[in-house]
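Please consult the sequence and the structure alongside it.

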Amino acid sequence: MLTYYHSVPDIPTFIHSRRGNQLILLAGYKYSVQSSKYCDTPIFIHSRRGNQLILLAGYKYSLKTRNNCGNNTFKMRWRCSTHNARGCRATLLTVDDNIVRYNQKHNHDPVVK
Ligand SMILES: [Zn+2]
């Protein structure tokens, strides 16, 4: 289920606009940070079972897929850890340790206070 990609993935380039906003260039597309609310740094952790997790803005994400893009670059898709329990559809996309895309439409409050 790789609906996001149509071609060989590129490595993202982080740039700043003239106004100082952070932008990401990826595969010929430009992404802007929508809200400072989501600018928290993702924290990569491991669960007690050894699964990789991300903590971000009080929400927890579990790893869904991991694609090797070559050059030791990994593109990883994450989904909210409550996906199974509550049907939450929030997702993250990271390349290396950087978030390049997110859908923060949680149907519940943050799980980590
Ligand atoms: Zn959620």
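Q: Where is Ile11 found?
A: Ile11 is found in the segment before β1 (13-16). Strands here are DSSP runs (E, at least two residues) and helices are DSSP runs as well (H or I, at least four residues), both numbered from the N terminus. The model is predicted, so local features need pLDDT of at least 70 and side-chain atom pairs count only at pLDDT 80 or more, while totals for chains, interfaces and linings use all residues. Residues are numbered from 1 along each chain as its sequence is written.

Q: Why is Ile11 called partly exposed?
A: A residue is buried if 20 or more other C-beta atoms lie within 10 Å of its own, exposed if 12 or fewer, and partly exposed in between, with C-beta atoms placed from the backbone. Ile11 has 14 other C-beta atoms within 10 Å, and is therefore partly exposed.

Q: Which residues is Ile11 in contact with, leaving aside its neighbours within four places in sequence?
A: They are Thr73 and Val95; contact requires C-beta atoms, placed from the backbone, within 7 Å. In C-alpha terms, Ile11 and Leu26 are 6.5 Å apart in space and 15 residues apart in sequence.

Q: What makes up the largest nonpolar core?
A: A nonpolar core is a set of buried Ala, Val, Leu, Ile, Met, Phe, Trp, Tyr and Cys residues joined through C-beta atoms within 7 Å. The largest one has 10 residues: Ile54, Leu56, Tyr59, Tyr61, Trp78, Cys80, Ala90, Leu92, Ile99 and Tyr102. Two or more of its residues come from each of β5 (52-56), β6 (59-68), β7 (74-80) and β9 (98-103). Ile54 is in contact with Tyr61, Trp78 and Leu92, and also with Pro42, Ile43 and Phe44, its neighbours within four places in sequence left aside.

Q: How many bridges join β6 to β7?
A: Seven bridges join these antiparallel strands, whereas pairing requires DSSP to find at least two bridges between two strands; β6 and β7 thus count as paired. Within this pairing, Cys80 in β7 is the bridge partner of Tyr61.

Q: Why do β4 (43-46) and β9 stand at the edges of the sheet?
A: The sheet is open, with six strands in the order β4-β5-β6-β7-β8-β9 and antiparallel pairing. Each of β4 and β9 has a single partner strand, so one side of each is left without a neighbour in the sheet.

Q: What elements does the chain contain?
A: The chain has one helix and nine strands. From the N terminus on, they run β-β-β-β-β-β-β-α-β-β. Of the 113 residues in the chain, 13% are buried.

Key
Two residues are in contact if their C-beta atoms, placed from the backbone, lie within 7 Å.
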